[in-house]
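Dear colleague,

I am handing over the structure below, followed by some notes on what was found in it. Please read the notes with the structure open beside you.

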Amino acid sequence: MSGRKRCFMPFLSKCGCSKQSSELSKRAKPSVLDYSHSNLNSVPDEIIANETTLEELFLDYNRLDELPRWLFQCHSLRVLSLNDNRLRTLHSAISNLIYLERLDVSKNCMESLPNTLDMCRRLSCLEASSNLFIALPDVVLKMFNLRELYLNSNCLHSLPDNFDE
């Protein structure tokens, strides 16, 4: 989820129909939005205008300390990257993101994860490194499709006995 370029709008070829192409680009809604390194203190409101088409949202390297509840109305999200912000918690409404496959909350100030995170049944990768976890969040043990879990640089004292099952 590092600094690779992302395309925000579909490619429109130059066919001499500039008026038609211009109208198409106004109607096209992006499936990927990248607001990384934007010095944001809050999530831009215009994101909600793309709630039906948005599949990947990158809000890395900002100064976000909370997420608005409406963000979890973007039901088509597959990737949500919130790396290197000031988040202390995620709203329980994250359970609305039923297509979420990848969540990155690394480098924040989180001590726990919402108990509703297991409702994101397609979540296969959770990156939660460099936070303030002292114990493995209980919800992780209920996430049966989770294939990748990153918790390095936390202060985990121990893992549950049934963690490897």
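The side chains of R78 and E55 meet in a salt bridge at 3.3 Å, N to O, a salt bridge being a side-chain nitrogen of Lys or Arg within 4 Å of a carboxyl oxygen of Asp or Glu. R78 lies in the loop between β2 (56-58) and β3 (79-81) and E55 in the loop between β1 (32-34) and β2, so the pair ties together parts that are 23 residues apart in sequence. Strands here are DSSP runs of E of at least two residues and helices are runs of H or I of at least four, numbered from the N terminus.

This is a predicted model, in which local features need pLDDT of at least 70 and side-chain atom pairs count only at pLDDT 80 or more, while totals for chains, interfaces and linings use all residues. Residues are numbered from 1 along each chain as its sequence is written, and side-chain values use heavy atoms, with hydrogens and water left out.

R78 also forms a salt bridge with E56 (3.2 Å, N to O); E56 sits in strand β2, so this pair joins parts that are 22 residues apart in sequence. A salt bridge between E101 and R78 (3.7 Å, N to O) links distant parts of the chain, with E101 in the loop between β3 and β4. Together, E55, E56, R78 and E101 are linked in a network of salt bridges. Within it, E56 is buried, with a relative accessible area of 18%, whereas R78 is partly exposed at 27%; buried means under 20% relative accessible area, exposed over 50%, and partly exposed in between, with a 1.4 Å probe and protein chains only.

D118, in the loop between β4 (102-104) and β5 (125-127), is buried yet has no salt bridge, and the nearest side chain of opposite charge, K142, is 4.7 Å away.

Leaving aside residues up to four places away in sequence, L117 touches I94, L103, L123, L126, V139 and M143, where contact means heavy atoms within 4.5 Å.

Overall, the protein has 1 helix and 6 strands, and 40% of its 165 residues count as buried.

Note on methods
Lys, Arg positive; Asp, Glu negative; His and termini not counted.
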